[in-house]
Amino acid sequence: MLLYFGGVKNGLGLLALRRVYLLSRSAHTSPQTLEYRPIKKVMVANRGEIAIRVFRACTELGIRTVAVYSEQDTGQMHRQKADEAYLIGKGLPPVTAYLHIPDIIKVAKENNVDAIHPGYGFLSERSDFAQACEEAGVRFIGPSPEVVRKMGDKVEARALAIQAGVPVVPGTDAPISSLQEAQEFAKTYGFPIIFKAAYGGGGRGMRVVRECEVCVCVCVRVGYENAGTVEFLVDKHGKHYFIEVNSRLQVEHTVTEEITDVDLVHAQLRVCEGRSLPELGLKQDKIKINGCAIQCRVTTEDPARGFQPDTGRIEVFRSAEGMGIRLDSASAFQGALISPHYDSLLVKVIASGKDLPTAASKMLRALAEFRIRGVKTNIPFLQNVLSNHQFLYSTVDTQFIDENQDLFNLKRAQNRAQKLLHYLGHVMVNGPTTPIPVKAKPSSTDPVIPSLPMGEPPAGFREVLLKEGPEGFARAVRQHQGLLLMDTTLRDAHQSLLATRVRTHDLKKIAPYVAHNFSNLFSLENWGGATFDVAMRFLYECPWRRLQELRALIPNVPFQMLLRGANAVGYTNYPDNAVFKFCEVAKENGMDIFRVFDSLNYLPNMLLGMEAAGSAGGVVEAAISYTGDVSDPMRQKYSLEYYIQLAEELVKAGTHILSIKDMAGLLKPEPSRLLITALRDRFPDMPIHVHTHDTAGAGVAAMLACAEAGADIVDVAVDSMAGMTSQPSMGALVACTKGTKHDTGISLEKVFDYSEYWEVTRGLYAPFDCTATMKSGNADVYENEIPGGQYTNLHFQAHSMGLGNKFKEVKKAYAEANRLLGDLIKVTPSSKIVGDLAQFMVQNSLSRADVEERADELSFPLSVVEFLQGHIGIPHGGFPEPFRSKVLKSLPRVEGRPGASLPAMDFKKLEADLRMAHGSEITPEDVMSAAMYPKVFNEFKEFRRNFGPVDRLNTRLFLDGPKIAEEFEVELERGKTLHIKALALGDLNKAGQREVFFELNGQLRSVLVKDTVAMKEMHFHPKALKDVRGQVGVKQGQKVEKGQPLCVLSAMKMETVVNSPLSGTVAKVHVKADSSLEGDDLILEITE
């Protein structure tokens, strides 16, 4: 008998498992009686990795090989590795096919097979199979049928061990047949107890009662031929206790082979031919253990879900290699389909070294080299085990996993490259993922980044802020000689002109140039407002990451953001602690100046935002939203006195800077002079900052008038991103003030270079450019008072709702809607409310008089209803009556500041919920994103989980995808660049998918993409679009009253409550939640 000791660490409780591999000739067979019968052809009655392992050994020995396979295994690698392959079990279930002895014997006889190797599992421990082979005249590579029968019966094997004097774990002498027998045994021997299947089961039948399972390894001497495995339990004192014999090759036999340098399968084959162990050079005293080996079974199992097997298509497979690594693989290759019918093994990885830590380090390196995409694997769990100090340097027992739950803190594979290929393939098949309002393609010209000087950028105003704090910074601004500029190019300019779609990718490219050449700017507005949700909702990038990256590239110029008072960066009210926490995190990430405003100039909301920004350590810039015309004696709701009184309150509250926010561009030179002169006279030491839009074309003149009247700072955008609904031209202001007391100190030549970059970059965003339909500014803004950013968004929104040809009517309706609502301050979100009502009026052909008359029965947009309820605050002059009462009827009203009554947000619970949903890599910034936009954030995380870091793609690729044969690079991070070439777009398959082929870093890759248009034509059940939601609040047969809410419709950002036009009974509901509707679709029927 020859023993091979395998170094397998896999203990239970205080007991460890040791497996002893034996290779034996019967002790009763003398060398003289052995008959040598060479084997010429071997069949392996198995599949996958073990079949391939045996085939390799046969090929090395010059033996021809035969594979068998089921109908489900036609694509498996073991079939291709054999010299011959034959189908078995036709029409049978997948596993049953490999258990069908008659078919296997038939194939063996018909194809002159000399011997059959059973592998492990399936028929390997079936004595009737060994007997069938013997009766058919085919050698069974394993023990005799009688030994297989004895060893397969665990009770009989235990009795043989006792007869041989081998210590055994206390157990029953025969299989138990009742609960009472088990209870009696437990009373005698105590716990823990193992229930084990009497006739095998690969350990799956073993069950630990109350405490833990125990396993032992020992060698048993029986009349045994060929290879096998004896398992013992070893206790903490080193005593061993017999468990069982596996009369076959063990899964872990590779460990024994590596530390003894003995090929067990070679030996099995030679012994079956009639060779003796001495003839094979195998003597017990010559068997030495050299070093240590570890085997890891890489499987398609998900450790996070209880090792549940995963199935699917392997999109990427890259294996490990190198010194000390052995791979025994199954069907592990790119394109392989992982079946749910069989074992989940992909490859066995065996690492060997001089000791356990050495072998473990090699294994860790090897596992890190694997790239398996398309299915989940257990590699992260294996890596955690191999990194565990107890596993490497201490005793591992059966409680190891239970006591080390951190093993399940799994690091998710980034899989960035393959996810990006999925995204690119999706765009190539289905078009852009972000809504495209204009049928235009991104420009094919890439912007050229202006040259930069060497070294660090010069000091700027941020140095003053960091040294002297907000108060000292404000003093420095007021004492500054000349006009200071804030550049809005990085936020409000593209929000106004390009629907807020400019990506961080393009902002980062020009950021170093700005740092080096515009250090004397007052600030850069680059964050807040609509950019926050659009970044996640449409650009699929993290707004906080944008702030962090820009801060690293521009360390010298103050950053400024737009804070919507108590609404933070959202469109609703938040608990007070959420606003405070948001400002705190923004400041930590590099924000400096907080322009705080409220859409209604509602003082309580503004004061909350100011306090939150101030307590975070930021510069507070309280902004008064401007509307009307202070120079017009006929428009006195928002008079000069109104603005001065509001400014008094803001200065009293401690603002560092006073701002006028003219969001619609209504300031003409004369009103500018009147307003700023009055503020300067009243507050001589307070820095004054003016913001406007250039929709009417008078922006430059108005800002020059403000400067003459005493303003310290005005807002501009670089020339190619200025004008129309954006801010006045930077170049124009620089040129007009040059050589005067208002000289900005900015180089006009640098402005030209800056502008050239943005002129070309703007072409990349052609699908969003307002100039697609709006060719110039329009002075009708003095009549409709539409804010600049909304002007563009309203236009696109009108097109999305089929009202593009009625935009002129929408603008007129906007003015009428404003009057209906009481002449509001119009800035997000109040401007959206007016816009929603205007589109509602145009869509339903309603005049102002119609709306007033039918206010009690119309289904108004949700934003209008919530405004009238008081959800965003109280407008100057109060709510319009009787319009408000007619719309609200019995709906509740909010009194006072809306957020004051909201309970505090539980950030710890929110973080825990996010970790549960999205994994452990949740940052404080993620928590704030989810606090502001819970649904948008979850959709963003889901998108990134599916498509990866799309923000690393250039803008043309992001929007339009690559052309066939186009080659390009994607920098994932510094030092990691993907080289990609788009190769081909496949035909439609039966599942409604197209295969898209790429070359990635010189290797062929492909992804399967659902063709959404084709799937509709193929009559697949359509999925509702994510940006179309529906909530149905009534059921068939339900009685409803006139004006009762029936459901909520949503398109883009506008939600509409559909109210019942009459009292009656719901006869039929034609929609359900998440239904996608056309303009004339019937929602439900009501009978009176």
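**Salt bridges and one exposed glycine**

Glu584 and Lys581 are separated by about one helical turn, being 3 residues apart in helix 21 (residues 576–588). Helices here are DSSP runs of H or I with at least four residues, strands are runs of E with at least two, and both are numbered from the N terminus. The model is predicted, so local features need pLDDT of at least 70 and side-chain atom pairs count only at pLDDT 80 or more, while totals for chains, interfaces and linings use all residues. Residues are numbered from 1 along each chain as its sequence is written, and side-chain values use heavy atoms, with hydrogens and water left out.

Glu584 and Lys581 form a salt bridge, with their closest N and O atoms 3.4 Å apart. The term stands for a side-chain nitrogen of Lys or Arg within 4 Å of a carboxyl oxygen of Asp or Glu. Glu584 is partly exposed at 33% relative accessibility, and Lys581 is also partly exposed, its relative accessible area being 29%. On this scale, buried means under 20% relative accessible area, exposed means over 50%, and partly exposed lies in between, for a 1.4 Å probe and protein chains only.

A second pair within a helix is found in helix 30 (residues 807–820), where Glu816 and Arg819 lie 3 residues apart, about one turn of the helix. Their side chains meet in a salt bridge at 2.9 Å, N to O. Glu816 has 29% relative accessibility and counts as partly exposed; Arg819, at 36%, is partly exposed as well. Elsewhere, salt bridges that share partners join Arg53, Glu257, Glu258, Asp263, Arg326 and Asp328 into one network.

Across the whole structure, a search finds 57 salt bridges. One of them links the side chains of Lys41 and Glu84, with an N to O distance of 2.9 Å. Lys41 belongs to strand 3 (residues 41–44) and Glu84 to strand 5 (residues 84–87), so this pair ties together parts that are 43 residues apart in sequence. Both Lys41 and Glu84 are buried.

The last stop is a loop residue. Gly62 sits in the loop between helix 1 (48–60) and strand 4 (64–69). Gly62 is exposed, with a relative accessible area of 63%. From Gly62 to Lys40 the separation is 22 residues in sequence and 7.7 Å in space, taken from C-alpha to C-alpha.
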